[in-house]
Amino acid sequence: MVNRLRRDQAEKTLRESENRYRSLFNNSIDAVLLTAPDGTILSANPAACRMFGRTEEEICRIGRAGLMDMTDPRLPAALEKRALTGQFRGELNFGRKNGSSFPGEISSVIFTDRDGKQKTSVTIRDITERKLGETRQEQFAKILEFSLNEIYVFNAETLLFEYVNKDALSNLG
């Protein structure tokens, strides 16, 4: 009787743990993949399906090679670092089902599951908007710096200059 109660309690604890994991997995706004270190994809959350424009079955079938831009020059170093250290965090390029590509921030960790098999947890965030913002900021900075006009940017509260381009600087002495 005591063994039965312990087993029932252990099963309940396991179900609760699985429900917590499933909730995190299903409700993440980032793509989450459970994979093997060789690139086999075992499961993909709903955010991954939306991000890549594919069903979970498609994602699992095509594996890493079908989601990543295999021509990204950073990929070999990323895989090597993960193989050596057990983890990787960085930026890589990915591809959607419609053929478009996008920059992503990826974190990947190799772990051993309770059956002793190596698995990989992979989280991917689409950083397209951030990259566009960075590009616009760089373009704006170049426009300011190479303008043939004097450009002064000052803080309206302190009346101190926050930016002065080279032509304005030469005029100020």
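A residue counts as buried under 20% relative accessible area, as exposed over 50%, and as partly exposed in between. Arg130 has a relative accessible area of 34%, so Arg130 is partly exposed. The structure described here is a predicted model.

Strand β1 pairs with β5 (residues 118-126) over 5 bridges, in the antiparallel sense. Within this pairing, Leu33 stands opposite Val122. Ala31 stands opposite Ile124. In a regular strand the side chains alternate between the two faces of the sheet. Strand β5 also pairs with β4, again in the antiparallel sense, over 9 bridges. There, Thr112 has Gln118 of β5 as its bridge partner. The hairpin of β4 and β5 has 5 residues between the strands. In this hairpin, Gly116 takes a positive phi near 85°.

Thr35 belongs to strand β1 (residues 31-35). Its relative accessibility is 6%, so Thr35 counts as buried. Beyond residues up to four places away in sequence, Thr35 touches Thr40, Ile41, Leu42, Lys119, Thr120 and Val122. Asp30 sits in the loop between α1 (2-27) and β1. Asp30 is buried too, because its relative accessibility is 11%. Leaving aside neighbours within four places in sequence, its contacts are Asn45, Ala47, Thr123, Ile124 and Arg125. Asp30 and Glu105 are 75 residues apart in sequence, yet their C-alpha atoms are 9.9 Å apart in space.

In one of them, Lys131 meets Glu91, with the closest N and O atoms 2.8 Å apart. Lys131 lies in helix α5 (residues 128-146) and Glu91 in strand β3, so this pair ties together parts 40 residues apart in sequence. Lys131 is partly exposed at 27% relative accessible area. Glu91 is partly exposed at 26%.

Asp126 forms a salt bridge with Arg96, and their closest N and O atoms are 2.9 Å apart. Asp126 is in strand β5 and Arg96 in the loop between β3 and β4, 30 residues apart. Both are partly exposed: Asp126 has a relative accessible area of 29%, and Arg96 has 24%.

Arg130 and Glu105 also meet through their side chains, at 3.3 Å from N to O. Arg130 lies in helix α5 and Glu105 in strand β4, so the pair ties together parts that are 25 residues apart in sequence. Glu105 is partly exposed, at 27%. Shared partners join Glu91, Glu105, Arg130, Lys131 and Glu134 into one network of salt bridges.

The surface also carries a nonpolar patch. Tyr152, Phe154, Leu159, Phe161 and Leu172 form this patch, with about 530 Å² of accessible area together. Leu159 lies in the loop between β6 (152-154) and β7 (161-164). With a relative accessible area of 62%, Leu159 is exposed.

Technical notes: Residues are numbered from 1 along each chain as its sequence is written. This is a predicted model: local features need pLDDT of at least 70, side-chain atom pairs count only at pLDDT 80 or more; totals for chains, interfaces and linings use all residues. Side-chain values use heavy atoms; hydrogens and water are left out. Helices (H or I, at least four residues) and strands (E, at least two) are DSSP runs, numbered from the N terminus. Buried means under 20% relative accessible area, exposed over 50%, partly exposed in between (1.4 Å probe, protein chains only). Contact means heavy atoms within 4.5 Å. Patches are made of residues with over 30% relative accessible area and no salt bridge: like charges are joined within 9 Å, nonpolar side chains (Val, Leu, Ile, Met, Phe, Trp, Tyr) within 5 Å. Accessible areas come from the Shrake-Rupley method with a 1.4 Å probe; for residues, only the protein chains shown count as cover. A salt bridge is a side-chain nitrogen of Lys or Arg within 4 Å of a carboxyl oxygen of Asp or Glu. Two strands pair if DSSP finds at least two bridges between them.
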